[in-house]
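Student: Before we go through the packing of this protein, could you set out the terms we need and then take my questions one at a time?

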Amino acid sequence: MIGLTFAAGFAASRPTEIAVRDARTELTWGQVDDVLRPAVNALLELELGPDRRIAVFAENSVTTLLAYTAATLAGVSAVPVNFHLTAAETAYILADSGARAVFVDGRTAETGLQAAHEAGIDTVIGWGGVHGTPDVVDWAQWLAAASDAEPPTGAQPRPTLVYTSGTTGRPKGVELPRTSFVGGADIAEHVQRLRSGSMLKYGRHLIVGPMYHSGPLAGTRLFIGGAPVTVLGRFDAETVLAAIERDGIGSSIMVPTHFQRLLALPDKVRARYDTSSLCYVLQVGAKCPADVKRAMIDWWGPLVWESYGASEVGSTCVISAQEWLEHPGSVGRPIPPFEAFVPDARGEHAPAGTEGPLYFRDTTGHGIVYHGSPGQPGGSAEPGVFTLGEIGYIDDDGYVYITDRFSDMVVSGGVNVYPAESEQVLATHPAVADVACIGVPDAEMGERLVALVVPVDPACPPTERELIEYCRARLTHYKCPRGAEVVPSLGRSVMGKINKRALRRPYWSTDQQTARPSV
């Protein structure tokens with residue numbers, strides 16, 4: 001049997017190695033094994049329904065990582081939930097996913113309890129200051145009551161279910177794509193497959209982003225495969241550099257905003273830390289501005305790779321630093337099983353260099369499949385064909401370039417923000433006659449959401465502060481506009497439609513239009 005002996009085996013061969021650490025906690029492989037045996041047994045005892053799902057609604061920590069790990073090793077599908085969400089937003093995800101238990105921490109316990117109650121979930125388990133909280137089972141006590149025996153490994157592996165919003169902002173669940181989920185007949189085979197992961201050779205992995213995103217969640221799979229992991233909390237640029245030097249970090253996954261904040265550090269601070277242990281950094285989440293990408297390659301060397309794709313499908317294109325220097329601005333060439341094309345007027349593949357809607361074909365025929373939504377979304381009736389909402393072109397060498405986006409989504413700091421949610425809220429303000437939210441350039445975040453508001457009374461329009469506070473009182477803060485402007489008209493057509501590209505145009509130069517972040 002393999003099962004949890006993956007940790008015991010590493011404990012025998014690397015007895016003093018710190019397997020996982022955060023700002024407060026560090027555990028050896030032996031201590032990890034001591035936590036995971038009862039954690040997996042406890043999960044196996046829970047009544048989790050036919051889909052065997054739990055939700056993890058907690059900030060980054062060692063325990064959060066161990067909860068995801070235990071779920072994987074118990075054959076349980078974890079549902080990562082953004083810890084910034086309100087109770088109502090969280091309850092929707094809990095109910096839609098079919099989760100039967102919620103894991104929280106001290107920061108999210110109150111919201112998580114309310115959401116669990118609304119979703120009809122009785123089991124809430126927590127750590128990090130929840131001891132004594134009514135209706136929350138303390139993580140340590142939960143483990144203490146469980147069997148310490150070696151868990152069975154015959155369960156079927158189940159992928160995580162990540163929630164990502166559609167063009168209206170309505171959350172949709174999508175299982176970890178087949179390109180990332182290694183599968184296996186049972187947990188033993190699943191662990192063996194994870195041990196062959198290509199990133200394991202780089203050694204200790206640094207989790208930088210919040211673990212409700214797909215990129216940071218990859219750290220769980222690396223951990224099970226045998227890579228020691230350092231988990232960071234809320235992003236701080238100097239803390240990242242200090243962790244790289246202290247722990248000899250070999251790999252990490254970051255978004256362009258992380259790069260921009262690292263580059264913004266004073267030269268003397270950047271020079272203070274040794275980052276020579278880095279072997280591989282994968283940039284995800286949004287297209288990186290060319291000057292930022294070049295500066296990171298100049299600083300860290302040709303170890304900065306870029307992945308273009310989405311939670312629904314994983315990476316569709318990948319590009320190395322050397323390739324990017326030869327094809328600046330590209331997001332890479334498609335990787336199997338994906339093919340990229342721009343259709344012409346007849347639906348055939350347009351010649352190289354033709355700009356238009358960018359489509360991908362999953363040659364396995366799988367494409368995008370949302371939880372509870374049968375059929376093939378993504379703008380095509382052909383099985384396996386989908387779009388990520390971009391306009392672009394493909395050069396003679398097969399490299400893909402993104403030039404615009406035909407969806408309205410805004411990517412701010414690598415996070416998808418959907419204007420429709422804020423628009424729906426602001427439209428209820430008594431002083432607002434009409435509203436549209438658009439993405440405008442932001443040096444640090446890539447884009448920021450701004451509300452363009454037509455007032456009911458032009459002589460007495462609502463203030464920017466009033467509009468933002470109104471929205472924040474009704475919606476999670478990161479979904480709300482960071483600015484608001486009063487305008488005389490939104491230029492609606494006779495059909496009532498808004499041309500958001502025209503609304504954005506005054507804010508974006510030609511170069512910025514080309515460099516707008518990707519989905």
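Tutor: Contact here means heavy atoms within 4.5 Å. Please keep in mind that this is a predicted model.

Student: Which residues does Asn41 touch, not counting residues up to four places away in sequence?

Tutor: Asn41 is found in helix α2, and at 10% relative accessibility it counts as buried, since the cut-off for buried is under 20%. Leaving aside residues up to four places away in sequence, what Asn41 touches is Ser147, Asp148, Ala149, Pro151 and Pro152.

Student: How many nonpolar, polar and charged residues are in the contact of α2 with α3?

Tutor: From α2 come Val32, Val35, Leu36, Ala39, Val40 and Leu43, which meet Leu66, Thr69, Ala70, Ala71 and Leu73 in α3. By class, this contact has ten nonpolar, one polar and no charged residues.

Student: Within what arc do the buried residues of α15 fall, seen down its axis?

Tutor: In helix α15 (residues 464–472), the buried residues are Leu467, Ile468, Tyr470 and Cys471. They line one face of the helix, because, seen down the axis of α15, they fall within an arc of 160°.

Terms used:
Residues are numbered from 1 along each chain as its sequence is written. This is a predicted model: local features need pLDDT of at least 70, side-chain atom pairs count only at pLDDT 80 or more; totals for chains, interfaces and linings use all residues. Side-chain values use heavy atoms; hydrogens and water are left out. Buried means under 20% relative accessible area, exposed over 50%, partly exposed in between (1.4 Å probe, protein chains only). Helices (H or I, at least four residues) and strands (E, at least two) are DSSP runs, numbered from the N terminus. The arc is that of the directions from the helix axis to the C-beta atoms. Ala, Val, Leu, Ile, Met, Phe, Trp, Tyr, Cys and Pro count as nonpolar, Asp, Glu, Lys and Arg as charged, and the others, Gly among them, as polar.
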